[in-house]
Structures are given as C-alpha cells and as structure tokens.
Amino acid sequence: MSNATDLFGKDISALKNKKLFLFDMDGTIYSDDNLYHGAKELFDMLNSDQYFFITNNSSKSVKEYVVKLKNLGIDSTVNNFFTSAQASIMYIHDNYPQNKVFCVGTKALIEELAENDVQLCEENPDVVLVGFDTELTYEKLSKACNYIMGGAEFLATNIDLVCPTSFGFVPDCGSICQTIENSTKKKPYYIGKPNRIMVDEIVKKSNFTYSDVVVVGDRLYTDIATGVNASVTTVCVLTGEATIDEISNSEIKPTFTLENVGELYKLLAEIKV
Ligand SMILES: [Mg+2]
C-alpha cells in the first residue's frame, strides 16, 4: 500500500500512531448545525478516552455542547470537553485560590464558575475574568474597568476578536477586552487557545503523553498555534478559516494539512480493520 500524503505532499502515516486527538469544533467538525463529512464516522470509531473537544467559546457551558453534539449525532460526555472556561477555572484555582472573582460573562459561564467552587462577587474583586459575553451590558464593562484600575488582576477566557455567525462575525472576548484595555491601559492574561495550558491540562488528566497528541483545527493563530506552543503534532483542515495560501505564507505551520476530518477518518480506519 502506498503511503497517503497531505495537501502539501507530506507523508501522513505518522498520524496512525497517534492516540489522543484534540479537536476544535467550529469550522473543524461542523459549521452552525451542519456536521462535516466524515466527522460522525470519526467519533464513532475513536474510543471515548481518545478525544477531546477544545474550544475557546466561553459563552456556552459544557452541558450545552454535549446536547448540541447529540443533536448532530455525536455521543459525547462532559469528559470529552475542555473549554476555555474550564481552563480558566483551573487557572484561577491554581493561581488565585483564595480570591474573589468578578465575571464579565454569560449566565452559563457564571454558573459553571460557581459549580466549580470559584468565589464570585459583584464588588471588591481580586480578579476580573472576562469571557465571550453575549449578554454584555455597559454596567458590567464599567465595573470591570473600575476594578482593574483599582488593582484587580485582569484575566480573559480567550483571545479571539470575532466569532463567526451565519451573517459574518460578532465581537468575541478579545474585542470586549480591547474595549476595557482602552480605558484601563491594562492587558489581560489570555487563558484559552493558543495558550498551551489547553494541552497541558488534558495530558495531565489523560493516560497519554505529548507524543501521542494531535491538535486538529481550522485556525492557524489559535488551534495550530496551541499545538505548536505545546510542541505536539498538528493537523489543519480547510473546512473553516485557513486556506492553502494562508498556510503557505504563515509563520505558524501545521505539521499536516488535510481537506477535512473525513480524511483523518479514512487514514485511521485503515489501521482499525
Ligand atoms: Mg474553529
């Protein structure tokens, strides 16, 4: 059998030895409510301890993602997810264990923080955590500026400036943070992708090592950069944002480039039979 290659003609057989797959969601396995070709077959084939969904979107809780995937035909559990919200919770517990947090985020994010023993408050916080707040108000922005200028730590779930929608883009966490930066002259510490924390925390709780890991995504400066920062193998798919030209011209290069996750399924299915 001749070896399969990626879109740049690179031999992809090394992927057959990989055991832990970290997938971006939007643009990688689906767009809105349309699952990409081969995605269902791929997740049916992988064991449930072999994959995680890593997402920067902190507007939805993990429970909501499980329901969304279920509706698309993929049976996952909360254990298959690692979101920028979960990474933020770990980061806060590790670095600010006794501190009170004011959150600029959705009800879903605030609930998730509370369920995971983050001490939330409305006044005099030690930490301000900003998420992708689709329920943003001027009052929240104003309070965040007040607390950050008063010395509170400024953390953010994710660096993304915009989030894709059916009509184009809406402002994401990074844009909300820039608004706060303009007033406070302070920059946040961004926790989600491309921060390698996303890979480190997953490897820590899995039975696998870094050499087993592949990060699969459609965006160079978040998904692929996460893998590069953690020194693990990466696969860029062309179903979302990245194009062949962009990859050719970018400093951030994936290890392999495939048309879609269906190609990954085809390759891995060869070794299962
Ligand atoms: Mg994506």
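User: Which residues is Phe23 in contact with, leaving aside its neighbours within four places in sequence?

Analyst: Phe23 touches Ile29, Leu42, Phe43, Leu46, Tyr51, Phe52, Phe53, Ile54, Val216, Val261 and Leu264, where contact means heavy atoms within 4.5 Å. This is a predicted model, in which local features need pLDDT of at least 70, side-chain atom pairs count only at pLDDT 80 or more, and totals for chains, interfaces and linings use all residues. Residues are numbered from 1 along each chain as its sequence is written, and side-chain values use heavy atoms, with hydrogens and water left out.

User: Why is Phe23 called buried?

Analyst: Buried means under 20% relative accessible area, exposed over 50%, and partly exposed in between (1.4 Å probe, protein chains only). Phe23 has a relative accessible area of 0%, so Phe23 is buried.

User: What makes the pair of Phe23 and Phe43 edge-to-face?

Analyst: Rings of Phe, Tyr and Trp (its six-membered ring) pair if their centres lie within 6.5 Å; planes under 30 degrees apart count as stacked, over 60 as edge-to-face and the rest as tilted. The centres of Phe23 and Phe43 are 4.9 Å apart and their planes stand at 70°, so the pair is edge-to-face.

User: Why is Tyr189 called partly exposed?

Analyst: The relative accessibility of Tyr189 is 34%, so Tyr189 counts as partly exposed.
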